[in-house]
Amino acid sequence: MYIRMTKRNKMIIAIISVCLIIPVLAFLYFEYRREVERKMVYRVPGTSIIIPLGRHFNLGLAVLIIVALTPYTVAVAINTNYESKIERDLPLFFRELAESVRSGVPLIKAIEEISARGSGPLREEMRRVAFRTALGVTLEDSLKMLTDKVDIYSTKVMSAILNEACASGARVIDVLETAGDVYSVLFAFELERKAKIAPYAWTVYIALILFLVISTVLTEIFFKPLSAFAVGVPFLKGTIMSDIYEVIFYYVSLLESIFGGLIVGKMRAGKVSRGFIHSIILVSITALFYGVLIPIISRFLPFPKIKR
């Protein structure tokens with residue numbers, strides 16, 4: 001299945017996202033009210049900025065980001081999978097088409113026979129092309145319908161090649177074989193490019209994990225003991241609060257997760273939209289670290305709770 005990103009489909013995805021976001025926003029609102037009543041917030045001196053310190057509210061922010069990105073990410077993942085299957089099948093499809101035409105089968109009949117033998121998105125779409133041509137639609141118009149439905153670069157190039165092969169007469173076999181060879185080279189080049197870029201993409205994940213570990217060490221080993229010490233010093237009392245630093249590190253990690261994921265998508269696929277899945281994974285890692293690992297670590301490194 002391919003989801004074409006028309007205005008209508010984008011509107012449907014946006015509506016689904018809003019419907020999923022509303023319950024999370026309601027939870028965040030009531031949780032914020034509860035934290036204000038319990039004085040689990042920090043007011044930045046000299047400003048109107050209020051930083052919620054409650055773990056439930058801050059984890060809700062991560063859930064909000066994940067829920068907001070999920071519908072569009074699912075659509076992009078479906079299209080990416082569909083497109084990659086087409087690109088993998090194109091070299092073999094053109095070679096089979098060239099062999100069938102070489103055996104004396106007309107091009108349109110060869111398309112019908114080859115698409116009927118295999119499976120996958122490309123074969124399914126070509127079966128529809130063959131069916132339309134059997135009903136009297138020209139090959140050019142039938143391929144135009146295909147590119148209108150599956151509006152990706154691979155189908156546009158394939159349609160142009162098939163139209164050229166149909167118009168080339170005696171050179172149709174040469175055109176198809178050349179197309180198969182070129183697509184094989186391009187597919188191998190793309191695999192090599194992804195393999196070379198993969199280590200650079202992993203550095204974003206490693207950088208986030210290192211930041212989470214370092215920030216946790218700073219909070220648990222440095223800021224919490226310092227906060228406990230500051231309670232007994234009159235001029236330092238209330239100035240050093242480990243909870244604030246922990247939340248600030250968490251917010252920075254969320255920002256790094258979102259933009260880091262977009263960078264990974266741009267590096268690996270050349271499109272920022274392909275990075276939403278990485279942003280969701282990185283935000284999930286951050287939420288897991290903040291919501292599960294830090295509380296567990298705090299139990300093994302117990303420090304006195306600071307009264308605000």
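Trainee: Is Glu96 buried, partly exposed or exposed?

Mentor: The model is predicted, so local features need pLDDT of at least 70 and side-chain atom pairs pLDDT 80 or more, whereas totals for chains, interfaces and linings use all residues. Residues are numbered from 1 along each chain as its sequence is written, and side-chain values use heavy atoms, without hydrogens and water. Buried means under 20% relative accessible area, exposed over 50%, and partly exposed in between (1.4 Å probe, protein chains only). With a relative accessible area of 23%, Glu96 is partly exposed.

Trainee: Which side chain meets that of Glu96 in a salt bridge?

Mentor: A salt bridge requires a side-chain nitrogen of Lys or Arg within 4 Å of a carboxyl oxygen of Asp or Glu. Here the N to O distance is 3.1 Å, and the partner of Glu96 is Arg123.

Trainee: Is Arg123 buried or exposed?

Mentor: The relative accessibility of Arg123 is 4%. Arg123 therefore counts as buried.

Trainee: What is the N to O distance between Glu246 and Arg55?

Mentor: Glu246 is buried at 7% relative accessible area, while Arg55 is partly exposed at 26%. Their side chains meet in a salt bridge, with an N to O distance of 2.8 Å.

Trainee: How many residues apart in sequence are the parts that this pair, Glu246 and Arg55, ties together?

Mentor: Helices are DSSP runs (H or I, at least four residues), numbered from the N terminus. Glu246 lies in helix H8 (residues 242–269) and Arg55 in helix H2 (residues 55–102), so the parts tied together are apart in sequence by 191 residues.

Technical notes
Helix = DSSP H or I, 4+ residues; strand = E, 2+ residues; numbered from the N terminus.
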